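Some words used for protein structures rest on a cut-off.

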Amino acid sequence: MDDKEGRPDKEDKPELTAGIGDGALDPGTFDIAAVRALYPALADGHAYLDGAAGTQVPAAVIEAIAGAYREGIGNLDGAFAASRRSDAIVAEARAAVADLVGGTAEGVVFGPSATALAYRISDALSRAWTAGDDVVVSRLDHDSNVRPWIQAAARAGVTVKWAEVDLVTGELPTAQYADLIGPRTRVVAVTAASNAIGTRPDVAAIAGLGHAVGALVYVDGVHATPHLPVDVAALGADFYTTSAYKWSGPHVAALAASPALLETVWPDKLAPSSNAVPWRFERGTLPFADLAGVTAAVEHLAALAPHAASGAGAAPASRRDRVLASMKAVEAYEAGLFARLLGGLAELERVTLYGKAARRAPTAFFSVAGVAPRAVAEHLAAQGVNVWDGDNYAYELCTALGLEPDGAVRAGLVHYNDASDVDRLLAGLADLAR
Ligand SMILES: Cc1ncc(COP(=O)(O)O)c(C=O)c1O
């Protein structure tokens, strides 16, 4: 039974507490129907291919946020139970993000966005820079991991060096970093995956070159985190940012770093606020209810491949192990769907796809000859297919590709997309692009 807006009514919606960690998923398979049933918003029948700009949220996350408010929360460190609940929510959310990326709970800093965190850290680090130092940024990155460093460099009077993208392949060649990074390099800022063309640079190799000269490596993990198992140590990331709204959580971002490194950095802060790490990096009052949603989102991810994380009779797997198993399953599932998308796009004569990097997140960035990106997006929206148009703040890349100011069209897959989403996109494009 549908209401006026065509949404299924309450009886048709998935249970708020429905989970797939109860045996619904077979080992090695990804039960997409079970996954989709967890997301109330998907019931509107749209093909949500805009996940790279922000995902939908499973009922368990909605319930965790609502539940925190329902139960009662207070500000931190008070004498009463509601305040204690907020203390616990924050601690749990730090532990959850640490499990998601392989970090340390005491090194997880929360902020309103990855952009805000990049400004916070670049501003703090740049106070130690002196003339003759340099920072290395890339033209592959979202502007949030470019502009804050350029602006901090300008204030400190230090040089900015650019890593260039091979515009034919979409790769960010590692070799160039050997020339770019020198003894005075203080920071290397690089993305773990492009939010436009999906390219996943060899961050570990780049970080190795940076560390060899004592530079810090700031990795933008916003686009990578929803698509693959992340291990900040293996990446060599001194700082790693991720935004929960890209992986089925609320609009909260986190920065993961080692507590020992954070101890060496002093951001601007209020006099009475905590000087301790990680608290001193968090400005003002945290969004406690949303942080309950962050933990629920990590639990959601950790439950995507419940049987893969431990064998029969084995000790219960840790949440970190479950996250790794789930994200491996997600990566494999999305790779299959992405192959279907790329194959379909290749058959459309008037479509130009940007980037064909060997390692890519499942994100397609393309133009349709003679049709403005917004017009393509409107055409698809009229058929219930949600895609993004524009530069997606991959501003340097789009400038280099000659795509500014209109950018291109982006179809980004996430783990709740299915083959019908892809097929609807391809069918919607066919009449425009054949
Ligand atoms: C790769 C990448 N980095 C950074 C950002 C900015 O994240 P936030 O909105 O949390 O500032 C985005 C958002 O789209 C992104 O895709």
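Buried means under 20% relative accessible area. In this predicted model, both Arg139 and Glu396 are buried.

Q: What makes the pair Arg139 and Glu396 a salt bridge?
A: The cut-off for a side-chain nitrogen of Arg and a carboxyl oxygen of Glu is within 4 Å. The side chains of Arg139 and Glu396 meet at 2.9 Å, N to O, so the pair counts as a salt bridge. Arg139 lies in the loop between strand E3 and helix H5, and Glu396 in helix H13, 257 residues apart. Arg139 and Glu396 also belong to a network of salt bridges with Asp143, Arg147 and Glu164.

Q: Why is Ser83 called buried?
A: The relative accessibility of Ser83 is 0%, so Ser83 counts as buried. Ser83 lies in helix H3.

Q: What makes the approach of the Ser83 side chain to the backbone oxygen of Asn75 a polar contact?
A: The limit for a pair of N or O atoms is within 3.5 Å. The side chain of Ser83 reaches that oxygen at 2.7 Å, and the backbone nitrogen of Gly78 at 2.5 Å.

Q: Why is Glu263 called partly exposed?
A: Partly exposed lies between the limits for buried, under 20%, and exposed, over 50%. Glu263 has 45% relative accessibility, so Glu263 counts as partly exposed. Its salt-bridge partner is Arg280, at 3.9 Å, N to O. Arg280 has 3% relative accessibility and therefore counts as buried.

Notes
Residues are numbered from 1 along each chain as its sequence is written. This is a predicted model: local features need pLDDT of at least 70, side-chain atom pairs count only at pLDDT 80 or more; totals for chains, interfaces and linings use all residues. Side-chain values use heavy atoms; hydrogens and water are left out. Helices (H or I, at least four residues) and strands (E, at least two) are DSSP runs, numbered from the N terminus. Buried means under 20% relative accessible area, exposed over 50%, partly exposed in between (1.4 Å probe, protein chains only). A polar contact is a pair of N or O atoms within 3.5 Å; within protein, one must be able to donate a hydrogen and the other to accept it, and residues adjacent in sequence count only if both atoms are side-chain atoms.
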